[in-house]
Every structure is written in structure tokens, then in C-alpha cells.
Amino acid sequence: MQQHWMLFPVIGMVFLSLYVGLRMLALRIRAVREDNLSPAYFLLNRGGKPPEYLTKVSQNYDNQFEQPVLFYVVVILVLVMERGDYVYLALAWSYFIMRILHTVIHTTYNNIFHRRNAFLLSVLALYVMWGILFIQLLHA
């Protein structure tokens, strides 16, 4: 397997974050224009109540910079150590796909059980990657 293939799910995550960020910006503008949310609200995220559609996307944007950091780190470590294989690649794609699903659920109909399942599957893929790396380090 060519090691650089591991970067495609990483690049996908970056573009997912970009998409959610741009969507959040558009919804902030909408909230100010259509829902009378004061622009001053965004100074400290206080002094008003944002509409639900904006809150969902804002929370999801925050999510893009929490757990995915561990994904970026494990992929970098796998690449630096030249350990990339089809198992890691499948897990990386699984993680990315579950994060897309989580984002779609979170920012649309927001069913907590569906969202939880997508999140847990992404967590499973991520920690299996870390587990494999840990085992490989023990045997190095």
C-alpha cells in the first residue's frame, strides 16, 4: 500500500471542517438578518439566544476540533513510522465516513440516538487505530 493514501481521509476531515465552518458563517449571517440576533452576541456568545439551526451547526463545528485531533495525530504517527497498511486505511476511512454521518445527523434532524451511534462507531475506529499502534510499538 502506498503510505500517502492515508492522507485522503485526513484531507476529507479538513474539508468537512471547512464545510461546517462556512455553513456556520452563513447561518450566523442569517440569524442576524432574519432572526434579529445582535451581531454583538458573537463577541462572547452571550447576550442573546441563537436560533436552534445555528446552535446545532456551531456545536458541530466545535466538535470538529475536539476528538478529530486524535485522528490527525494517529495518522501522522502511522505515516512517520511507515506503518500504514490496509487495516489502518480502512479504519481511517471508517472514521471519516462516521464523522460525516455524525455531522449530517447533528446539523439536520439531530436524533440523539442516531448521532450517538455514528459517534460511537467513529470512536471505535479511532481507538482501534490507537490500539494497533500501541501494540506495534510494544513489539518494535
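How many residues does helix α3 have, and how far does it reach from its first C-alpha to its last? The views below are taken from a predicted model.

**View 1. Helix α3 and its buried residues.** Helix α3 (residues 52–63) has 12 residues. From first C-alpha to last, α3 reaches 16 Å, close to the 16 Å expected at 1.5 Å a residue. Buried positions in α3 are Y53, L54, K56, V57, S58, N60 and N63. These buried residues pack against four helices: α1, α2 (41–44), α4 and α5 (86–107).

**View 2. Helix α1 against helix α4.** Helix α1 (residues 7–34) packs with α4 at an angle of about 155°. Their axes lie 10 Å apart. The angle is over 145°, so α1 runs roughly antiparallel to α4. The two helices make a left-handed crossing. From α1, the contact draws on L7, P9, V10, M13, V14 and S17. From α4, P68, F71, Y72, V75 and L79 take part. By class, this contact of α1 with α4 has 10 nonpolar residues, 1 polar and no charged.

**View 3. Helix α4 against helix α6.** The axes of α4 (residues 68–80) and α6 (residues 112–138) come within 10 Å. They cross at roughly 35°. The crossing of α4 with α6 is left-handed. On the α4 side, L70, F71, V73, V74, V75, L77 and V78 make the contact. They meet L126, Y127, M129, W130 and L133 of α6. By class, the contact of α4 with α6 has 12 nonpolar residues, with no polar and no charged ones.

Notes: Residues numbered from 1 in each chain as written. Predicted model: local features only at pLDDT ≥ 70, side-chain atom pairs only at ≥ 80, totals over all residues. Heavy atoms only, no water. Axes fitted to C-alpha atoms, helices over the stretch in contact; angles between N-to-C directions. Left-handed = near helix turned anticlockwise from the far one by under 90°. Contact = heavy atoms within 4.5 Å. Nonpolar A, V, L, I, M, F, W, Y, C, P; charged D, E, K, R; others polar. Parallel < 35°, antiparallel > 145°, perpendicular 65-115°, else oblique. Expected span 1.5 Å × (residues − 1). Buried < 20%, exposed > 50% of the residue type's maximum accessible area, 1.4 Å probe, protein only.
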